[in-house]
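Subject: Handover of a protein structure

Dear colleague,

Please find below the structure that I am handing over to you. My notes on what was found in it follow directly after.

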Amino acid sequence: MSANAPAPLPLILRSEAHAAGPPAEPAKVPTAEPKADQGADFFRRQRDEARQQREVARQQRDEVRRQRDELKSRIEILEGQLTSAARGGSVKAPPPRDIGELDVFALESERATQLPELRAKQAKGLPLSIREAELLGDRLIPPMRRAARPRQTPGADIAFLTVANAKFLPGIEGLILSLLRVYPDMTSPIHICHDGTLSAFVQARLRSFYANLIFLEPNMDWFDQVPATSDNHKRIGKLGYMNMEGLALTGFKRVILLDSDILILDDLSELWDGEDYNICYDCGDREYVARSTFTGEWVFNSGVISIPGDRTGPEAYAAFREAIVAYASTEVCPVIDRFSDQKIWNIYLRDKPKRYLPLNYNCNVKYLAKFLNGQPDGISIIHFAGPKPWNNRLYVAADHMQSVTSKAMQFPKPWIDAYRDMMFHTRVEAYRNHAKAHRRALPIRLASMAAGRRTCVMLGNGPSMAQTDLTPVDGLEKFAFNWFVLHDGFDVVRPDHLVLGSHMLFGGWSTTEPRFPDGYLEKLRAHKHRPALWTSYYFREFIESIGLHREFEVNYGLFEKPFKRFIDRVGRFNADIDTFLDDGRTGVISLAIPAAVMLGFERIVLVGCDSNYNQAGTTAKYFYDMSQHTSAETREESLTSTWTEEGRGQFVYKLVSEELSRRGIEFVDCTVGGALQTVRKGQLRDYSMG
């Protein structure tokens, strides 16, 4: 340890047996030696060994039962979350099991009652759990700084590096946005190592937050020679060791490794102070840090490591790789064997000068919850080790959700609160800046007048559209939707706007690899007529990546998770397109009507909005053959329940009618045989241009 390391807190707890130094490894269970005679001593040893074996078997059986019960509980929670999400509800994490404050006296008093039994167990050579070994060894209460440091923005000579895959996209977003919130003028490069799952769309989206991102996809084929023995090793695999790429970065004053499941709350400048490696103690579920019998030093967490610039390069990189090959699957110390990259970093740095920083710079969220009452006073970094707070369908696509079988405590609120606040302001500002420069502000047909009012027509995809004569509204501004590209008269009707309001048209909400359904773009491009497109701002980077904005005029609405809400739940229709839009369960309401309101239309006419999924004799959902519909669909039971006479769909249209009326906008339904009961009915011929 470096001489300039801060002095540890006075409370270092030692066992009597190891008062002079680090604890020895637990003694192994003795085995019986074959004896020629079958005397009393031999049978007594056999009896004692049998007792020991029964004790080990009992402990294993109890642990299996505990894990089974924990798994059953987690499965029940996950099933409840998925059921809620399938019904359109938000997914709420279970409440944390322990929220409290630190009381070392009470904790140590309780542990003191366990020590005699543990010492007896150790004396008999019985195997010890990790926690039992820690109680019999050295433990330290890490210090916390109780004052904030002045903020010092890192310069371009400070490099950051993190590791992630597509399942960690919300985590990376939170990390980047939180860094920028603390350091809005930051110019430091942020290197993001990934396994190929961070698509071009994801990379462009992240660069929209911060331009100085460098994406790396390291070749980790050599890692195949490392046997995967520990559960953690198997679970994390190659991705978990990619932070070693920080050792390959040269030309910087400091390289700072940050896990992608952390949030930055305050100044980090102490991370680039001094000449040594800057590290942080590993504690969380327990209030203390343990000492490794292999390294002889306090275990540190690999989620935050600051590497001096003169300690990187090919030699350091090769040495770390050699340490992985030598130790990743070799048992050296139970306190660190359960980790993957953290084990290797503790071994790699054992003989190097390092400085332990206060807990403020890497505070595990479990520690925050259990010992700080969930209050992050003075903390600069919260580390969300364990189950991820974004693991629900508000933040990730369904195929990126992970089964939650971990026994770690969940306390997602700090991350969720910070992430939503940062993302809310970031997305609104970015959207408004883009809209100001690029979004249409006037109707395409300035003379779109009917009966003295500026009028637009919404052309739905209901089956009635096949029998609807649209000649009366020829010349009026028209909005069409999604699969209207299949209409045989597309180039005759010439819709002025094509609203791509369904997330399913791109692969679903929160997708990291959006794409159009098979054949869709070919059908759109085959038409001679080029309507203005409207879609969710979430898909902007995808639209631009395929160059669609160079072929069509493209406009956006701020309609995306996690901020979209269902209108029928909030009880009010928001028609302001410069804000986050809410979900009307149809693109007509969610995106097209706010666009029409912004463009200044005084009358909105519905055509082909059948809403008749429950009517007797209904045999089709759309005007076209369903074999041509190659995108996912809303579940049948959801459609039928939404569009009953007293269902949510009717209620939403009622709210829309009321809001438009308040704005002085006429709203009329001219759908032939439509099932809408909450919008005033009319005849299409009454709204022809004249």
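Two residues are said to be in contact when they have heavy atoms within 4.5 Å of each other. Among contacts in the protein between residues at least 6 apart in sequence, 72% join residues at least 24 apart.

Please note that this is a predicted model, in which local features need pLDDT of at least 70 and side-chain atom pairs count only at pLDDT 80 or more, while totals for chains, interfaces and linings use all residues. Residues are numbered from 1 along each chain as its sequence is written, and side-chain values use heavy atoms, with hydrogens and water left out.

Of its 690 residues, 56% are buried. Here buried means under 20% relative accessible area, exposed means over 50%, and partly exposed lies in between (1.4 Å probe, protein chains only).

Two strands pair if DSSP finds at least two bridges between them; β8 and β10 do so in the antiparallel sense over 3 bridges. Tyr-281 stands opposite Phe-300 in β10.

A covered helix

In helix α10 (residues 341-348), 8 of 8 residues are buried, including Trp-345 and Tyr-348. Among the elements that cover these residues are β6, β8, β10, α8 and α9.

Cysteines

A disulfide is a covalent bond between the sulfur atoms of two cysteines. With a disulfide taken as a pair of cysteine sulfur atoms within 2.5 Å, a search of the whole structure finds 0. For Cys-283, the nearest cysteine sulfur is that of Cys-363, 7.5 Å away. Cys-283 is buried, at 8% relative accessible area, and Cys-333 is buried at 1%.

Salt bridges

A salt bridge is a side-chain nitrogen of Lys or Arg within 4 Å of a carboxyl oxygen of Asp or Glu, and the count comes to 42. In one of them, Lys-388 meets Asp-261 at 2.6 Å, N to O. Lys-388 lies in the loop between β13 and α12 and Asp-261 in the loop between β6 and β7, so this pair ties together parts that are 127 residues apart in sequence. Both Lys-388 and Asp-261 are buried.

Arg-648 forms a salt bridge with Asp-568, the closest N and O atoms being 2.6 Å apart. This pair links helix α20 to helix α17, 80 residues apart. Arg-648 is partly exposed at 40% relative accessibility, whereas Asp-568 is buried at 9%.

Yours sincerely

Notes. Helices (H or I, at least four residues) and strands (E, at least two) are DSSP runs, numbered from the N terminus.
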